[in-house]
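Dear colleague,

I am passing on the structure we spoke about, with my notes below it. Please read them with the model open beside you.

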Amino acid sequence: MKPPVETLDTDVLVVGSGAGGAVTAAALARAGRTVMVLEEGPWVDPDALEPFSLEEMVAKYRHGGSCAALGRPAIAYAEGRCVGGSTEINSGLYHRLPPELAEEWERDYRIDEFGSEALDRYADRIEEELGVSRLPGAPPASSAVLERGATKLGWRSVEFSRVFRYEPNGRAVKQTMARTLLPRAIEAGARVVADCRVSRLVRRGSRIVGASCDQTLPDGSSRPLVVRADHVFVCAGATQTPALLQRSGIRWNIGRGLKMHPTVKVAARFESPIDHGGIPMHRVTEFAPSLTIGGSASRRGHVALALADSDADYADALAHWEHVAVYYAAIRSEGSGRVIALPGFRSPLVTYQLTEGDMSRLARALVHLGEVLLAAGATELYPSVTGGIVARGPDDLVHWWNALTRNRANLMTVHLTSTVRIGENWARTGADSFGRIWGFDNLRVNDASLLPAAPGVNPQGPIMAVVARNTDQFLADA
Amino acid sequence: MLWFERRVVGTLMSPALDADERSAVESYVSSTLQSMPEHLRAGVAAESILLGGRSWVEHRAGRLDEGRLRARVERWKTSKLDPVRQYVRLLHSLVLFAENELAADGT
């Protein structure tokens, strides 16, 4: 027998609880609106699991971390699927949207009130609320490597701020949404329902009247749930937001134009042991925003994966894994992709096509990454290119230029954006300047999907600023 | 996890692992494959059936040679056919990550 359908009512329904959903929910709840947040993933205590561990991947990552955008080559990607979304699993590095990009997007997509001055006001507010700060004291060795290498080459490098607070005992605490804005939204009256997947939105003419959901109960069974709402914000991220809209029959410029930062990696071996607890906070910005060099998670499992990507003999390096750390170079890509909801499938098909220019930029990125690591004192470099030779000196890097081909490159990304772009240029966008979906009075998108392109920096800061701006506009309109 | 996937995972695991560790790694690989997007899982399963046909026949005839299977998997790691290379890379990545994370945890 089918379980009865429970129906809940709310003023504003927010689908998703990451950087988009949490900012939206907190602002609306504080403004006195009745808010319900539905999150597909579980609520996991932010302190319960070791960051970047196997247990965390199983509990907090979508598909356990095994997602890929199909194309030549396929690009592996990671997204959060838990209360707090990707803010629970990312590095916590924080950037504002570069002013030149804000101006470019404002012009190209005809986005109203999108100047960097306006966005900076919201960024100020978010930074104050979350606590964005630099590391007190000297950086760890894994981060200092990047600064040292860049200095030797005469390149620019910067220690970036992070969404971290530091406790009196020195413990660094990442200010994820499950730790900050979501509890504050709940305190202001919002309700957060975890383990609840929205299968589709319910339409009536040009209005959305609610959402059909499946809620997973603690015993593993599921029950249908209908949430009726006056207003709906879809904040499920750049793959799940367009998929939900498409499943609901909303398709105009939805899911097209996916953007990302395709990334190559290198496992670098050093003479001395290197720290593996966190993510380096330095970035080499000499070629930014088209190309950025930084450090990755380097637990033993990540080191093993990065070493194996080169297909060289890595047994000795793995035996001394404490001396190895993983670094990356990410590019702003000319290519683009699509998100397509497949009938009968829960997961959307994600594709991405790199251009020849992208492949060339990735090869350049790999070589520059090698240069900076060798300058910093690395003794062996294992590139994420099948058959790529292990570089032990600058002369070896010459071989990397031709090694990175579509059949040999092992690429990944963690930044996906731009599947429901904003702007008044109706032909190129899926939503207006403030995220309202074309043709609907009460349906808005408020997450990474709205950014017209990948920003070349960690997108959490730009996403939160744009989302806060859109939420303010909604409240002003109301 | 399909029969052939289990065999490939077995060949990719470090021989130094004990039975409990092998079981933990296999369990992680199995659960990750199960949680993959359906279309990707279907593609991996289709490859397992295609690539594993010969081994299945050999197994049924009682002639499956672990050494020969290992050599085959090693060849596939550098195959010029991207889907074949990616198939082994996927399974190898999962095995490696689990082996090394479990070792790091000391479990």
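In this predicted model, four strands of chain A form an open sheet in the order E20-E19-E14-E23, with antiparallel pairing. Strand E20 (349-353) and E23 of chain A are the edge strands, and each has a single partner strand, so one side of each is left without a neighbour in the sheet. Strand E14 (residues 256-260) of chain A is mostly covered, since four of its five residues are buried. E14(A) pairs in the antiparallel sense with strand E19 (residues 336-340) of chain A over two bridges, and here A:Leu258 stands opposite A:Gly337 in E19(A). E14(A) is also joined by two bridges to strand E23 (residues 416-417) of chain A, again running antiparallel, and in this pairing A:Lys259 faces A:Thr417 in E23(A).

A:Ile208 counts as buried because 24 other C-beta atoms lie within 10 Å. Which residues does A:Ile208 contact, leaving aside its neighbours within four places in sequence? They are A:Leu201, A:Val202, A:Arg203, A:Val232, A:Phe440, A:Asn442 and A:Leu443. For A:Val232, which is 24 residues apart from A:Ile208 along the chain, the C-alpha atoms of the two are separated by 7.2 Å.

As for chain A as a whole, its secondary structure comes to twelve helices and 24 strands. Its radius of gyration is 22 Å, close to the 23 Å that the globule rule gives for 478 residues, so chain A is as compact as a globular protein of that length. The C-alpha atoms fill a box of roughly 65 × 50 × 50 Å along the principal axes, and 58% of the 478 residues count as buried. Among the contacts in chain A with a separation of 6 or more, 71% are between residues 24 or more positions apart.

Turning to the contact of the two chains, 24 residues from chain A and 24 residues from chain B take part. On the side of chain B that touches chain A, helix H2 (19-35), helix H3 (38-60) and helix H5 (82-105) of chain B each supply at least two residues, and H5(B) gives the most, with twelve. By class, the residues on this side of chain B are nine nonpolar, nine polar and six charged.

Within chain B, the axes of helix H1 (residues 3-12) and H3(B) come within 9 Å and cross at roughly 80°, and the two helices are therefore roughly perpendicular to each other. The contact involves B:Phe4, B:Glu5 and B:Arg7 of H1(B), together with B:Ser48, B:Leu51, B:Gly52, B:Ser55 and B:Trp56 of H3(B), and these residues divide into three nonpolar, three polar and two charged. H1(B) also packs with helix H4 (residues 66-77) of chain B at an angle of about 85°, with their axes 10 Å apart, which makes H1(B) roughly perpendicular to H4(B). Here B:Arg7, B:Val8, B:Thr11 and B:Leu12 of H1(B) meet B:Glu66, B:Leu69, B:Arg70 and B:Val73 of H4(B), with four nonpolar, one polar and three charged residues in the contact.

With best wishes

Note on methods. Residues numbered from 1 in each chain as written. Chains lettered and ligands numbered in written order. Predicted model: local features only at pLDDT ≥ 70, side-chain atom pairs only at ≥ 80, totals over all residues. Buried ≥ 20, exposed ≤ 12 C-beta atoms within 10 Å, placed from the backbone. Contact = placed C-beta atoms within 7 Å. Nonpolar A, V, L, I, M, F, W, Y, C, P; charged D, E, K, R; others polar. Pairing = 2+ DSSP bridges. Axes fitted to C-alpha atoms, helices over the stretch in contact; angles between N-to-C directions. Parallel < 35°, antiparallel > 145°, perpendicular 65-115°, else oblique. Rg over C-alpha atoms; globule rule 2.2 N^0.38 Å.
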